[in-house]
Every structure is written in C-alpha cells, then in structure tokens.
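Visitor: I'm new to this one. Can you put it up and take some questions?
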Amino acid sequence: MKIMIFYIFLFALTANLAFANCHSIINLKIDNRVTLDEDSIAIDNPFFKVVRDGALFSLSNTSNIGTRIIAALDIIKFKSCRGVINIKRGEIAVFNENEFYEVPKGSYFEIALKKNHPDLAKPSEWVEPTKNKVVYEDNEFRVFEEHLNPGDTRELHSHAQRVVVRLNDVQLTDPRVHPNGKPGTGMQVANTVKYAEPMVHVTKNLSKKPLFNIVIEYKIKW
C-alpha cells in the first residue's frame, strides 16, 4: 500500500512539473553552455542583437533584453521552460523576457530585442504590405514570412525598423527606379541576416526562385 501511495505521489509531482509554466519551474536541467567567436555576432545595434548558431540570451530576465526569437535555418530541437521545441527551416520560436531555453545545437539565428532602445523612426507614410503571412504578433513587434513569387511585384508598401532573415538567393529591385534591376544590387544571400531602417518602396523579384524571408519588425503608431 505504501508503495502504491509513493507512485501516486510521484506521478502527481511529475504531472505538475509537466504543466508548470516558466514562472514556477526552477530546477529544470538544461544546457546553457555556449562558445562564440566574434563572427557569430551578426547584428549589434541599439535595437537588436543577433547571434548566428549560438544563444547569448537563453536565460530569463537578462539585463536590457526583452523578447528573443529563434529563427531556424535547419531542423533544430531543444529544451525550454515550455517543454521541448521542434522547429524546421523557416520556422520560429518566440520567448518572452521571463522565459528560458537551452542553447540550441544546429543552424539558426537568435534575435534579441533590446529594451532601452531609442525612439522608433517612422517611414514617410504607412501602406500595409501584401502577400505576407504574419506568424507572431504582440504589442511591440510582429514576425512575418515575406513571400514573393519569381517575377512577381509587391506594390507600394512600408516597413518599420526590422531584422530580415534571408532564406533564398534572390535579386530584388524597385521597378520604379530599375525595372530590370541593376547589376550587383538587390542581391539577397540565403542564410544571412540584415538590419533595415524604415522605408517605403515597391519590390519586384527578378529571380527564378521565390523570395522567402523571416522579418522581425517593430510596430509603430500612426
């Protein structure tokens, strides 16, 4: 009888752990060891810090760091306070300030939003872009998949300050300026990341491949 009671207690304890949230988990054993070289820091400015194939901000409540996004370049699997995360190329996992996760192994970007950033700049006007798919949104920012078929054009639209994770090799142009592109310009290299300032433009995909980007963009009020 005592053995049965013990197993019931053990089951209840593990069940509570399984359904616990990030606030209540204290002693989850995860691997947060990371070794990075200078080339691993892809972007570091007042708004974002981006790391390639490593995670500097996997612990919760890091000074001046808010939300963090893991953008996968391959299939990756890692533990977190929400359980095991499985994502593949082009997918993301979003972690709030008070959440933590294991340093993933594999190919990915960790995008960290800085809390004490300067005021956000605005484009000259706001025209919502079309042909994109929003995959995450809160009061501060949104993440969307940016798609554009070969030869297709996205009409006049606006962007705020953002990080762009580029997944395909394509050449883009603003057809109002260079209808057939300009040699050596508008090239997007797969598996790279770029920070971009606000702008209003038209985009045409000159390549035979579809455009596929993951965009982490601040939200601005109008």
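Visitor: Is Arg 82 buried, partly exposed or exposed?
Guide: Arg 82 counts as partly exposed, at 43% relative accessibility. Buried means under 20% relative accessible area, exposed over 50%, and partly exposed in between, with a 1.4 Å probe and protein chains only. This is a predicted model, where local features need pLDDT of at least 70, side-chain atom pairs count only at pLDDT 80 or more, and totals for chains, interfaces and linings use all residues. Residues are numbered from 1 along each chain as its sequence is written, and side-chain values use heavy atoms, with hydrogens and water left out.

Visitor: Which side chain does Arg 82 meet in a salt bridge?
Guide: Glu 99, at 2.9 Å from N to O. A salt bridge here is a side-chain nitrogen of Lys or Arg within 4 Å of a carboxyl oxygen of Asp or Glu.

Visitor: And where do Arg 82 and Glu 99 lie?
Guide: Arg 82 is in the loop between strand E4 (76–80) and strand E5 (83–87), and Glu 99 is in the loop between strand E6 (92–95) and strand E7 (108–114), so the pair ties together parts 17 residues apart in sequence. Strands are DSSP runs of at least two residues, numbered from the N terminus. Glu 99 counts as buried, at 9%.

Visitor: How many salt bridges are there?
Guide: The count comes to 11.

Visitor: What about Asp 174 and Arg 176?
Guide: Their side chains meet in a salt bridge of 2.7 Å, N to O. Asp 174 is buried at 16%, and Arg 176 is exposed at 54%.

Visitor: Which residues are linked in a network of salt bridges?
Guide: Asp 44, Lys 49 and Lys 114 are linked that way.

Methods. Helix = DSSP H or I, 4+ residues; strand = E, 2+ residues; numbered from the N terminus.
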